[in-house]
Amino acid sequence: MGMKLYNLLVNKHAGIRHRYHKMHDGAHGAGKIASWLYLLWMNFCYYVLFCRFLDQLPAVETYEEKVLLTKQSESAYGAGLHPDVKEFTEKLLGYDVISFDIFDTLIFRPFTEPTDVFYFIGERLGQLDFKRIRMEQEFLSRQDCHKKNGHYEVTLEEIWNRIERETGISAKEGMELEKELELSFCYANPFMKQVFDGLIRREKHIIITSDMYLPSEMLRTLLDQNGFSGYKKLYVSCEYGINKAKGDLFSLVKKELPQEASVIHVGDNENSDVKMPKKAGFDSLWYPNVNKMALSYRPYDMSPVIGGAYRGIVDNHLYQGTQVYSMEYEYGFIYGGLFVLGYCQFVHEYCREHQMDKILFLARDGDILKQVYDRLFPEENTAYVYWSRAAATKLMAPYNRYDYIRRYISHKVNQEIPIKKILQSMEQEFLIPELAAYTDRDESGKGTGISLTEEALLTDRNAPAVKRFILAHYDEVIASYQKQDAAAKEYCAKELAGCRRAAAVDIGWAGSGAISLAWLVERAWKLPCEIVGIIAGTNTVHNAEPDASEAFLQSGKLVSYLFSMAHNRDLMKKHDLNKDYNVFWELLLSSPTRQFLGFGEELRFGKLDANQDGIREVQRGILDFVEEYRRHFENYPWMFRISGRDAYAPMLLAAGKNEKYLKMMEQKFALEIGVS
């Protein structure tokens, strides 16, 4: 009967079911009762008031929208919310006794939520849905404790005894594992470590006061291994049956201290660490919770485990308060770090599975990629190779004249470019004197009346004539590139010596860099090496040629990490090059090196991009993120398996509000996209 009623009231209509569970799940006490009343009300509205819209699922927002900071960096914003280390320490020195909270104050976890560690416990124990089970059993243990002892301060042992009773998992094994993981993940807050050390040097009386179910013995070990030693006493709520949240633990502390002592408490919780100490007669100094400060700037549309780790690392690093970073640095750290880390792991796993002998990181997008890759996998055979669209287009001229004409002529129409400059960019200066003598005729042989001069601008009117002029001299054009071809062949033969298969890694988007390299290596030069292109992302529905590389992706000649028409199609539809999305991503992989122009007796290079310091800052941010992530998760190889969808998530958030943040970042640079 109960199940029939549940199916009738809850399961029969998808919209009612969705709304009910959204309110009911995780609710307790009055919240549960309210959800049942809400369920009855919805059924009344549907059947009696004919509110048929309740049968429909509510519209789901496809992408998160948050207002990001555009006037200052996040670290600068965070630093403005509390005193710096020196001032913070000076405030505390005026008191006889200083009390510190532990978690989110002295100690950080590399997660958004402390309960994220339960994912790792469940994975080690081989238990599905363990995070929810652990949270549920803690709640029920607190209920049991209140019935028995009149308070909710439960111990870790009590929690695990209940888990063992309910699930059969060994309480001893579970407790030891939870303590082991907490000890391995937790680390000192750099800001508070400096404050704490400054107080210890001045021989101040320090105590630790925490609401926690972990035993004091384990907490002492945790504090000691992170450099927090020299304090006088540790107060843990579960061992006293009272807590900070209601103020009772502070009352106990007060009784144990000299009556005349001035006391201040430091912590992140506005109730437990600010309001309640004052109620007990202490002063308090608030240290804002880093994850709460960053809540408005982080993406949550991510897989739970990677998302929690990503947000925790970014929030802890930027908001703890020891350093203010530039906006360029944060662009790399927040938006590039997870992407580059995930992309490098993707490349690694692909190359290992497909037995690649060497990995070629194509200039210049490959600069930061190779730096990170070599840190992650120093034993692998990698090379930073000089290759660019400009160089490849000339080398491919004998085999793909359509693309040659398109890139040098069709794509330059109506851009106020003189024909002389067009020929110079093609390295066909010897043809400039031929312009005056050229008589243009259309395909039928009829004269067009269009005259070409070196000073004339390339327009849609004279572009066909310029194309015909080039084709009339095409044998000479091809001949002019023969020395470059020979030099490129020699260069690539040296890089690929002894290789049967190699991967060419690039940003994307059509994959022309890798495909042109593969054609030349395998077909034109007949070098005994197969080239497979690995790209971050492909062309999208917003390109004039959206499916340009689909056959190569399908055949496996190209492989895409972030998206393609075959996977993460929502990203493929969202990524709009007409809104400069390609630019935003290429900015993350920008390099403080010169543009590569082509091959010859020596490699030829062009100019440097603008804002060299900014580019280095972006790279520094990426490198720092990777090091932080490695430091916390090096013992969990599966944490480096970052999906393309998760890697794109921070950028999706940055693209909200009409790309306001990204446009601001773009203005700081002047990249020539696609040159090299």
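Modeller: Gladly! Let's start with glutamate 427, which is partly exposed at 22% relative accessibility. Keep in mind that this is a predicted model.

Colleague: Which residue does lysine 394 form a salt bridge with?

Modeller: First the general idea: side chains of opposite charge can pair when their charged atoms come close. Here, the partner of lysine 394 is glutamate 427, and their closest N and O atoms are 2.5 Å apart. Lysine 394 sits in helix H19 (residues 389–395), while glutamate 427 sits in the loop between helix H21 (419–425) and helix H22 (463–472), so this pair ties together parts that are 33 residues apart in sequence.

Colleague: Which arginine meets glutamate 427 in a salt bridge?

Modeller: That is arginine 604, with an N to O distance of 3.0 Å. This pair links distant parts of the chain, 177 residues apart: glutamate 427 is in the loop between H21 and H22, and arginine 604 is in strand S14 (residues 604–605). Arginine 604 counts as partly exposed, at 28% relative accessibility.

Colleague: What separates lysine 179 and glutamate 176 within their helix?

Modeller: About one helical turn, because they are 3 residues apart in helix H9 (residues 171–185). Glutamate 176 is partly exposed, with a relative accessible area of 43%.

Colleague: How many salt bridges does a search of the whole structure find?

Modeller: The search finds 39. Some residues are linked in a network of salt bridges: Arg134, Glu138, Arg142 and Glu178.

Colleague: What does the side chain of serine 564 reach?

Modeller: Its side chain reaches the backbone nitrogen of alanine 566, at 3.1 Å. To see what else surrounds a residue, set aside its neighbours in sequence and list the remaining contacts. Leaving out those within four places, serine 564 is in contact with Thr538, Leu553, Arg569 and Met572.

Colleague: Thank you, I'll go and find them in the viewer!

Conventions
Residues numbered from 1 in each chain as written. Predicted model: local features only at pLDDT ≥ 70, side-chain atom pairs only at ≥ 80, totals over all residues. Heavy atoms only, no water. Polar contact = N/O pair within 3.5 Å; in protein donor to acceptor, adjacent residues only side chain to side chain. Contact = heavy atoms within 4.5 Å. Salt bridge = Lys/Arg side-chain N within 4 Å of Asp/Glu carboxyl O. Helix = DSSP H or I, 4+ residues; strand = E, 2+ residues; numbered from the N terminus. Buried < 20%, exposed > 50% of the residue type's maximum accessible area, 1.4 Å probe, protein only.
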